[in-house]
Amino acid sequence: MSKAVLSIGSNLGDRMARLQSVVDGLGDAVRAVSGVYETDPWGGVDQGPFLNAVLIVDDPARDGHAWLHRAHELEQAADRVRGQRWGPRTLDVDLVSCYDTGDGRDTEMFSRDDGLTLPHPLAHLRAFVLVPWLAVDPDAQLTVAGQRRSVAALLAELDPADRDGVRPTALALHTGADPSADG
């Protein structure tokens with residue numbers, strides 16, 4: 001069994017529809033969805049703001065490689081083109097962390113092979129990941145440089161300008177049936 005933390009973002013086209021497509025595409029695997037945040041771009045490339053959110057997903061049939069493969073499928077469905085590093089994108093689905101839940105505990109998985117790095121090597125530096133993650137899991141922890149750290153502590157270490165660049169919105173992602181639909 002495995003649980004994963006996914007960071008999703010978009011700054012091209014219908015940003016909200018792109019994020020919702022991930023929630024819809026993961027279906028019953030979605031366990032928690034953060035609020036939607038508008039965030040300043042990260043990485044020094046001049047571009048428009050992103051919409052970002054974090055999902056907690058769970059599927060007994062998936063391991064880290066399977067979650068990464070599914071993330072890439074969702075990006076491809078949104079016509080993601082991997083061009084400029086940290087540049088604009090229709091959809092970005094990052095596998096932040098993955099946990100083995102088979103023994104009733106969440107045991108963090110580590111990987112440095114076959115194109116899969118777990119935990120995500122830059123997650124601890126990205127307020128647009130940490131802020132929404134804390135919103136859905138206030139006790140979240142992440143291993144950084146071999147040390148298990150609270151996500152709250154990692155966020156507190158970031159530059160205040162980075163934290164201020166993550167702004168809550170009134171937008172919400174929906175799981176299951178659309179609550180505004182009649183029926």
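Predicted model: local features only at pLDDT ≥ 70, side-chain atom pairs only at ≥ 80, totals over all residues.
Me: Which residues of H1 are buried, and where do they lie around the axis?
Reply: Buried means under 20% relative accessible area, exposed means over 50%, and partly exposed lies in between (1.4 Å probe, protein chains only). In H1, Met 16, Leu 19, Gln 20, Val 22, Val 23 and Leu 26 are buried. They cover an arc of only 145° around the axis, which puts them on the same side of H1; the arc is that of the directions from the helix axis to the C-beta atoms. The buried residues of H1 pack against strand E1 (2-10), strand E2 (30-33), strand E4 (50-59), H2 and E5, where contact means heavy atoms within 4.5 Å.

Me: Why is H3 called largely enclosed?
Reply: Eight of the ten residues of H3 are buried, so the rest of the structure largely encloses this helix. The buried residues are Ala 127, Phe 128, Val 129, Leu 130, Val 131, Pro 132, Trp 133 and Leu 134.

Me: What makes the pair Arg 70 and Glu 73 a salt bridge?
Reply: A salt bridge is a side-chain nitrogen of Lys or Arg within 4 Å of a carboxyl oxygen of Asp or Glu. The closest N and O atoms of Arg 70 and Glu 73 are 3.0 Å apart, and the pair therefore meets the definition. Both residues lie in helix H2 (residues 64-77), three residues apart, about one turn of the helix. An α-helix has 3.6 residues a turn, so residues three or four places apart point the same way. Arg 70 is buried, with a relative accessible area of 17%, whereas Glu 73, at 32%, counts as partly exposed.

Me: How do you know that Arg 62 and Asp 59 also pair, and how do they stand in accessibility?
Reply: Their side chains meet at 3.4 Å, N to O, and the contact therefore counts as a salt bridge. Arg 62 has 24% relative accessibility and is thus partly exposed, while Asp 59, at 18%, is buried.

Me: What is the distance in the salt bridge of Glu 157?
Reply: Glu 157 pairs with Arg 149, the closest N and O atoms being 2.2 Å apart. Glu 157 has 52% relative accessibility and is called exposed. By the salt-bridge rule the count comes to nine.

Me: Why is Cys 98 called buried?
Reply: The relative accessibility of Cys 98 is 0%, and Cys 98 therefore counts as buried. Cys 98 lies in strand E5. Leaving aside residues up to four places away in sequence, Cys 98 touches several residues, including Ser 2, Asp 63, Trp 67, Met 109 and Leu 118.

Me: Why is Ala 145 called exposed?
Reply: The relative accessible area of Ala 145 is 83%, so Ala 145 is exposed. Ala 145 is in the loop between strand E9 (141-144) and strand E10 (147-150). Although Ala 145 is not a glycine, its phi is positive, about 50°.

Me: What is the form of the peptide bond from Leu 118 to Pro 119?
Reply: That bond is cis, with omega near -10°. Pro 119 belongs to the loop between strand E8 (116-118) and helix H3 (127-136).

Me: What share of the protein is buried?
Reply: Of the 183 residues in the protein, 46% are buried. The secondary structure comes to five helices and eleven strands.

Terms used
Residues numbered from 1 in each chain as written. Heavy atoms only, no water. Helix = DSSP H or I, 4+ residues; strand = E, 2+ residues; numbered from the N terminus.
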